[in-house]
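Work through the exercises below with the sequence and the 3D structure open beside you. Try each task before reading its solution.

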Amino acid sequence: MALIDTSLLTLLETALGDAYQKLVTAQGDVNTPGTVVYNVNRAKLALRGGIDAGYGLAPGEYIDDYTMGVASIADSTSWMVYVPTTSAYIGGQLYKNGSTLINLDTLFGDDNRAYTGYVTRGYTGNILHLSKRYYGSIYNDKTRNTDLPWEPPVSIPTYEVPIAKIVVAGNPKDSSFVAVAQMCESDYFPPPTDADEVITDNFSALNTLEDAELVRNRSNVLTNAVNALKTHTVSEAGTEFKTYWKTQGYQFTDGFGRLYSDINGADLSTDLMKLPSLTLSPTTMDKLLYRAGSLEAVLTSTQGAATVSLSVFGVATSSAKVYSLTLPDNHTVRTESNTWMSATGGYLAFRNVVNSAPYWRVASYSSVASTADYIDATLGFITDEWSGNFIPYTTDVYKVDKVTAYVVPGAALNSVVDVGTTNYQGVAHIAATGGTYPLANTTAFTIRNK
Amino acid sequence: MATSKVISSELLTKIETALGSAYATLLDAVGSQSAVGTALYNVTKAKLLVRGGHDLDYGVKTTGTPPTYSIEPLGVTGNFYVPTTTLYFGGIEKVLAGVTVAATGAVIATPPYNSCRYGVYVYALDCSTPDTETITVNVVPSTTSNLIMTALVSGDDVPSFSELFPANYKPSTVPTTAVLLAKLRCGREIPTTSDISLDETRLAFYEGSNTDEIVDVIFSGINDSEDALLATNFGSQYTQTLTTLESHVRTRSGVAFKDYWKQQNYRFTDNFRRLWSDAKNAELSTDFGVVYPHAGSGNTTYSGRLCYKPTAIEAALPDASSTGISMSAFLYNTASYSTVLKYRANVTEGTGPIYLKDAITSWPTMGYLAINGRCLETGFSAGSGHELMLVGSYDRSSSATIVTFQRLPHYVNNVFDPWRSEVLCVDKYDVAFTAGSPSGSVMAIGSTNYNGVAYATVSQGIGTLGVLLRSK
């Protein structure tokens, strides 16, 4: 058998996955500036007016005046930044935002520092985000410090809308201190003043193009490469590609996993959560399948004499967004209206991203009360990995099913048991009972899709 | 209420800019076999991992699978060691002997700058002449000037590579003819191996698999995908939208889309022109430049602007001319008449040889050519390179690879680096406007299609608006 070895497979699938990920990232969405979908959406909006993205900046009084105001340094002594009246779409909701002054002076000590930053609109009002490090040597020509790039990464949460850009450089106690403020570009398109015929003739084509780009699957250009790997594996291993590499415990890169899924309509087998022992918490992997699949538990240790009961919290494909700002300690949540939250209660998983790090929290819910716009529920938290706020229109809420699987006494290493029969896109939590000391400390499982 | 039923230029600008940007984003992601990190680069890499060898004319020749190329820093402040490395320049292997470069010290060694953290690119450049083989290793800051270098004060985190090498602030001094060896974080502290990144280094050679069964099946599949990426016209996905826009203008104005906007003196973005060219297989009218009267020997327009599709070219008078005007225009020939320099070309006022990679036997025995690439103006230091297109006359009667060349008088002396300094065949045409030509007069230049305008001169005495060169 001259089957490809895992080292070459890794190099190949990484390269192919990277190639596909490049195309997927470029395709983007309406909320990601610079992407294909974002730009095609803007072409349509130029013709129609308005905004489609859930997040974006609009002129302050956009109903009467589509001109963005001017940000400025209002007071060169105390370095007060003036930000004019704006509006911001956050999660599809419009927030009017009155003009404001932000004091930079208190942010600086005697250090010679330079920052780029952004004034953003969040749920609680204007927020100033400054990059932690400074960009540009403060020892250079001070007059050129305003050339500092806006682009350096600044940790702006995805649920805040940048309003104005700020550059500050130098020692605020020194006359060479420089500060510049500039408004961000409006995301809101005013309605065109062109004739009806212009809209009539062109809107449908642009809208059709946008619809096509929203669902564009570019995996077809790489189909032959993926199929070659599949054919080779079947030919040399005598086993289907997915099955063979699953038995080898091989974990494909996310990029290749997405490529495979988009070509074949089903995911490769992926480890979704690990339970290192019955006495430890599971390892959160933040893995969601590209297409839901049925789950199974793999015993990755020897099994003791007792039956182990595994409670797997499978992430269903039904989801919604948190509707209003929620502090988890309140043990209540308001979600977007949906059809899957049950009056009799059930389980939810919350996923949020803070500073690019994903966090999950699992809860049972009950006491459902709903309106046309939202659903209120009482929570009973099961996990407490994350204690941050649930952010409206940003924090995802998933329907979770608690599925129980049993592992019989004396089960062999790598024994596999089904976890229910429903398809899930991930695992939010695992709890296990039944092991006896000392084997309970070493009995371990991995949950994966079949 | 608007009276015109044709889309306004203001609205058109918004739409064509957005559509052009969308297309440019996609094409950038598809990339090319030589653009590190793009889809095509990665697919080609996958193919070479199976097949072995190299497809790229530029890059680092690695050994072993996976590639084990590395750069070892010395534990001496400011020094950076590049071991003996084989490189590809223009598809030819050249060995770079081990060398230590003053990576940190050469850029900023003195206080207070040495308290900063910043990034540098380390690259190799082929400066060989027919007499001497020379490859230099150079260092430039990661940003266009030291004013945007990232500094770090005590207690702050070490900046990431993405912070020190911001994508939108590439240094202008890394030559396009160079082979990038590494990115390095330096300053303030002695670099360690964790301060070296090869993620933008173009690895150009792979050992490949020695197993028949792997090459037999997997190679052809990946090769097919590479071919598919190379051949796919992504512009076709926009054809219907552009056809609708085209129909709208023609229906509402009675004039063809291209002609209507040419009449309006509307200038499309380059991104949209490329989209239109790919989606509609046609070129929109574009300006190449205006030739102005100029005291002295040269009244000239330069243009790096090429068409996406070969097109007819014309000269237009924005202003009436009371006197006769004579113009000489040098147009890029479309017949794939291009090669690259093989050695450094020292272009001076007199005639001298230039060395070409390929024999130009299909070119006319004598004529004109353009050198388009990275050069140093004579007398400037090695770090001051810039991009330039320069036109002159050639004679290949003695040799098709070592041709006699003389620049046109307007240019100053320059030294061009080899391999990526393109050499293109250009055709010279003389046209004349008679005395009393009215504003808007147009004259065709040549009788066939061209890829653009390389150079032009015009006689004295034309109107103050000059002569406009544009595609038809």
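Predicted model: local features only at pLDDT ≥ 70, side-chain atom pairs only at ≥ 80, totals over all residues.

Residues are numbered from 1 along each chain as its sequence is written, chains are lettered from A and ligands numbered from 1 in the order in which they are written, and side-chain values use heavy atoms, with hydrogens and water left out.

**Exercise 1.** Find which residues of the largest nonpolar core touch the most other members.

Solution. Begin with the terms: a nonpolar core is a set of buried Ala, Val, Leu, Ile, Met, Phe, Trp, Tyr and Cys residues joined through side-chain atoms within 4.5 Å, and buried means under 20% relative accessible area (1.4 Å probe, protein chains only). Among the 105 residues of the largest core, those touching the most other members are Ile4(A), Leu12(A), Phe256(A), Ile7(B), Leu19(B) and Leu181(B). The element that gives the most to this core is helix α1 of chain B (residues 9–30), with 11 residues; helices (H or I, at least four residues) and strands (E, at least two) are DSSP runs numbered from the N terminus. A second, separate core has 29 residues, including Phe405(B) and Val423(B).

**Exercise 2.** Determine which side chains of strand β20 of chain B are buried, and which strands pair with β20(B).

Solution. In a regular strand the side chains alternate between the two faces of the sheet. Strand β17(B) (residues 352–355) runs antiparallel to β20(B), joined by four bridges, and Gly352(B) stands opposite Phe405(B). Strand β19(B) (residues 386–395) also pairs with β20(B) in the antiparallel sense over four bridges, with Tyr394(B) opposite Phe405(B), and a hairpin of six residues joins β19(B) to β20(B).

**Exercise 3.** Work out how helices α4(A) and α6(A) are oriented to each other.

Solution. Axes are lines fitted to C-alpha atoms over the stretch in contact (heavy atoms within 4.5 Å), and angles run from 0 to 180 degrees between N-to-C directions. Helix α4(A) (residues 223–237) and helix α6(A) (residues 254–264) pack at about 95 degrees, with axes 10 Å apart. The two helices are therefore roughly perpendicular, a class that covers 65 to 115 degrees. Among the contact residues are Val226(A) and Leu229(A) of α4(A) and Phe256(A) and Leu259(A) of α6(A).

How values were computed:
Buried < 20%, exposed > 50% of the residue type's maximum accessible area, 1.4 Å probe, protein only. Pairing = 2+ DSSP bridges. Parallel < 35°, antiparallel > 145°, perpendicular 65-115°, else oblique.
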